[in-house]
Amino acid sequence: MGGISLITFVENIHLKLSFKPNTLYFKRPFKIAHGVRTSTPIVIIELEHEGIIGYGEASMPPYLGESHETVLAFLKNVSFLLEKHKDPFQIESILMEIDLFAPNNSAAKASIDIALHDLIGKLKNKPCWQLFDADKNNASFTTYTLGMDEPEAIKQKIEDGKDFKILKVKLNGENDKAIINNIRSITNKPIAIDVNQGWKNKEDVLEMIYWLSEKNVLFIEQALAKHNLEDAHWLFERSPLPLYADESIQRYNDMDRMKDCFHGINIKLMKCTGMHEAFKMIKRARELNLKVLIGCMSETSCAISAAAQLSPFADYADLDGALLINNNLFDGITFIEGKITLNDMPGIGVVPKENN
Ligand code: MG
């Protein structure tokens, strides 16, 4: 990791962890192949060192198995590990200890990773994108997500996202062509498709991808069930459009065995335990000749701004999570005509909104 050096701190000054559960509410009900949701549980954490606070966030969409209960229990259990550390700059060994403490708990681990990066940035008075040696002008455009909906609702969502240059469309095998035809009757913007494992028969899927390849579609994300690598490989060899993995690839160690099944991966902080591992995954993706999409869950501008720090290294970004919720708890990175605009504030570049 570029730029992060070791500094020895005064004895007896420790890292102090505090955390609070909260719930994010969608502006409009959000339907994907897994079902419909109106809210997402999150936990906001603070990591304090010498009076300076780093902010972090865990977001827990239900299908990943984490909840308020599991995240709060994990944070409570690891707080002693964090509080014995005197030096937040030992980030690699701290994160390794946290990761080894218990398997899974990726969102809880990501909240600590994000808070540590925010804290280090603030202690060094540098934005994280600079600590990673990124050029902020290379930050990606974000896609704007349309859930699966009735034609009128989709029309409204396209209007909501009129400033964005790429749409992300959720499909699940029901009415897919009607949904795309409806969108195409309104706009010709490029579309990224996310199937969330919703397609079944590989021959039908290939035919559908050929149909989509003439509709200004950029790529297809997670067409098949996450463990169905045999069919993923079959499709990989034939698809006229790039295929991206989301649910199939969670962490760094999942990457190598997937390289002949996908052309790209969707890296999300909540899946891969945070910025440190996400950066490693981006580097490995380049070695494996995989494209990179940096994505998100429904999150406040805290976790979104953290992921955005790495967006200059990505081919695409899907970081609209905070735009789809009513109660964003932070001010953070912004979008100008859909392009991620990184600020020069230290750390992940966020400030808690008043009254939160
Ligand atoms: Mg996805």
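Helices (H or I, at least four residues) and strands (E, at least two) are DSSP runs that are numbered from the N terminus. The exercises below concern a predicted model, in which local features need pLDDT of at least 70 and side-chain atom pairs count only at pLDDT 80 or more, while totals for chains, interfaces and linings use all residues. Residues are numbered from 1 along each chain as its sequence is written, and side-chain values use heavy atoms, with hydrogens and water left out.

**Exercise 1. Describe the largest cavity and its lining.**

Step 1. Grid points are joined across faces, edges and corners, and a volume is the space filled by probe spheres set on the points.

Step 2. Under this rule there are two cavities of 30 Å³ or more, and the largest has a volume of about 240 Å³.

Step 3. Its lining consists of 21 residues, of which Phe30, Lys170, Cys296, Met297 and Ser298 lie nearest the centre of the cavity.

Step 4. Strand 1 (16–32) and strand 5 (166–170) each supply at least two residues of this lining, and strand 1 gives the largest share, three residues.

Step 5. Sorted by class, the lining of the largest cavity has seven nonpolar, four polar and 10 charged residues, where Ala, Val, Leu, Ile, Met, Phe, Trp, Tyr, Cys and Pro count as nonpolar, Asp, Glu, Lys and Arg as charged, and the others, Gly among them, as polar.

**Exercise 2. Describe the second largest cavity in the terms used above.**

Step 1. The second largest cavity holds about 90 Å³ of space and is lined by 16 residues, with Gln222, Ala223, Leu224, Ala232 and Phe262 nearest its centre.

Step 2. Strand 7 (217–221), helix 8 (229–236) and strand 8 each contribute at least two lining residues, the largest share, three residues, coming from helix 8.

Step 3. By class, this lining has 11 nonpolar, three polar and two charged residues.

**Exercise 3. Which residues coordinate the magnesium ion, and where do its donors lie along the chain?**

Step 1. Donors are N, O and S atoms within 2.8 Å of the metal (3.2 Å for Na, K and Ca), and sites may look incomplete because water is not among the atoms.

Step 2. Asp194 (OD), Glu221 (OE) and Asp246 (OD) coordinate the magnesium ion at 2.1 to 2.3 Å, and the donors follow the spacing D-x26-E-x24-D along the chain.

Step 3. Aspartate 194 in strand 6 (residues 191–194) and aspartate 246 in the loop between strand 8 (243–245) and strand 9 (264–268) are 52 residues apart, so that the pair links distant parts of the chain.

Step 4. Both aspartate 194 and aspartate 246 are buried, a class that means under 20% relative accessible area, with exposed over 50% and partly exposed in between (1.4 Å probe, protein chains only).

**Exercise 4. How is the salt bridge between aspartate 118 and lysine 122 placed?**

Step 1. A salt bridge is a side-chain nitrogen of Lys or Arg within 4 Å of a carboxyl oxygen of Asp or Glu; the whole structure has 21 of them.

Step 2. The closest N and O atoms of aspartate 118 and lysine 122 are 2.9 Å apart.

Step 3. Because the two residues are four apart in helix 3 (residues 106–124), about one helical turn separates them, and aspartate 118, at 0% relative accessibility, counts as buried.

Definitions and conventions: On a 1 Å grid over the protein atoms alone, a cavity is a set of points where a 1.4 Å probe fits but cannot get out, and a pocket is an open set with protein on both sides within 12 Å along at least five of seven lines; lining residues have an atom within 4 Å of a point.
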